[in-house]
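This briefing summarises selected local features of a predicted model. The points are grouped by topic.

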Amino acid sequence: MRAALRQRVGRARWALRVSEAAPRPRCVGPGSAPALRCWSCGSPLPGAEGPPRFCPGCRALQPPGPRPDLFRLMDCDRSFRIDAQQLQRRFRSLQRAVHPDRFGQRPPKEQYYSEQHSSLINKAYQTLLNPLSRGLYLLELNGVEPAQETDCDADSVFLTEVMEINEKLAEPKNEDILEEIETLIKVKQEELTKGVTAAFERGDLQEAKKLLGKMKYFANLEDKLKNKKIPS
């Protein structure tokens, strides 16, 4: 009995010595994540996420990150005010680098990553180009709940104006009236875009949210107008 107990204690001490002698993973600093490595050759990868990454060793395209910052991806400041021409140049440059047509002879995994990157770049471009989606994305990045049309329900003058436009759109098709509505929607969207720009630049996120709710109303009216103009 005592011999068996001594044997178990001896094994426990031996296991403890082995665990203490085992090499521990190196950390760069407190809370640092393990170094990322290339899926193809195992080479360490640069730490910063942003544009599509290629392995410095084998040049294999790496997968996109789980929640990329679309502003960073498109090399834009995190601001509602953007340079549309610069955004378009960045879009074309990134698509040239990762377009699936360039990866037809690469391994299936890399082809898949190319498709993911291409889709993500398209999403980033469309999101940042459109004022409404850009504003909603900025609210999301700042932890503000998405703007809803109900955010401006208290504005009776605005709601009356929207209702009148809806009534005109419900009337029999009249090209002159449709052109008038199209001009009105364009003017209103431009006014709201200026208001949203000013609200973001002074840090008034709740005002930006309210104005983006109004922009949603006009975006819906714009869709109804396009459907009304489709030849029957």
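Gln-189 is buried: its relative accessible area is 15%, and the cut-off for that class is under 20%. The residue belongs to helix α7, which spans residues 175-201.

**Surroundings of Gln-189**
- Once neighbours within four places in sequence are set aside, Gln-189 is in contact with Met-215, Phe-218, Ala-219 and Glu-222.

**Packing of α4 and α5**
- Two packed helices are described by the angle between their axes and the distance between the axes.
- For helix α4 (residues 108-129) and helix α5 (residues 131-141), the axes come within 5 Å and the crossing angle is roughly 100 degrees.
- Helix α4 is therefore roughly perpendicular to α5, a description that applies to angles from 65 to 115 degrees.
- The α4 side of the contact is formed by Gln-126, Thr-127, Leu-128 and Leu-129, which meet Pro-131, Ser-133, Arg-134 and Tyr-137 of α5.
- Sorted by class, this contact between α4 and α5 contains four nonpolar, three polar and one charged residues.

**Positive phi in residues other than glycine**
- Arg-59 has a phi near 65 degrees, a positive value, and is a residue other than glycine.
- The loop between α1 (2-21) and α2 (70-73) holds Arg-59.
- Asp-75, likewise not a glycine, has a positive phi of about 60 degrees.
- Asp-75 is located in the loop between α2 and α3 (84-98).
- With a relative accessible area of 51%, Asp-75 is exposed, since that class covers values over 50%.

Methods. Residues are numbered from 1 along each chain as its sequence is written. This is a predicted model: local features need pLDDT of at least 70, side-chain atom pairs count only at pLDDT 80 or more; totals for chains, interfaces and linings use all residues. Side-chain values use heavy atoms; hydrogens and water are left out. Axes are lines fitted to C-alpha atoms, for helices over the stretch in contact, and angles run from 0 to 180 degrees between N-to-C directions. Helices (H or I, at least four residues) and strands (E, at least two) are DSSP runs, numbered from the N terminus. Angles under 35 degrees count as roughly parallel, over 145 as roughly antiparallel, 65 to 115 as roughly perpendicular and the rest as oblique. Contact means heavy atoms within 4.5 Å. Ala, Val, Leu, Ile, Met, Phe, Trp, Tyr, Cys and Pro count as nonpolar, Asp, Glu, Lys and Arg as charged, and the others, Gly among them, as polar. Buried means under 20% relative accessible area, exposed over 50%, partly exposed in between (1.4 Å probe, protein chains only).
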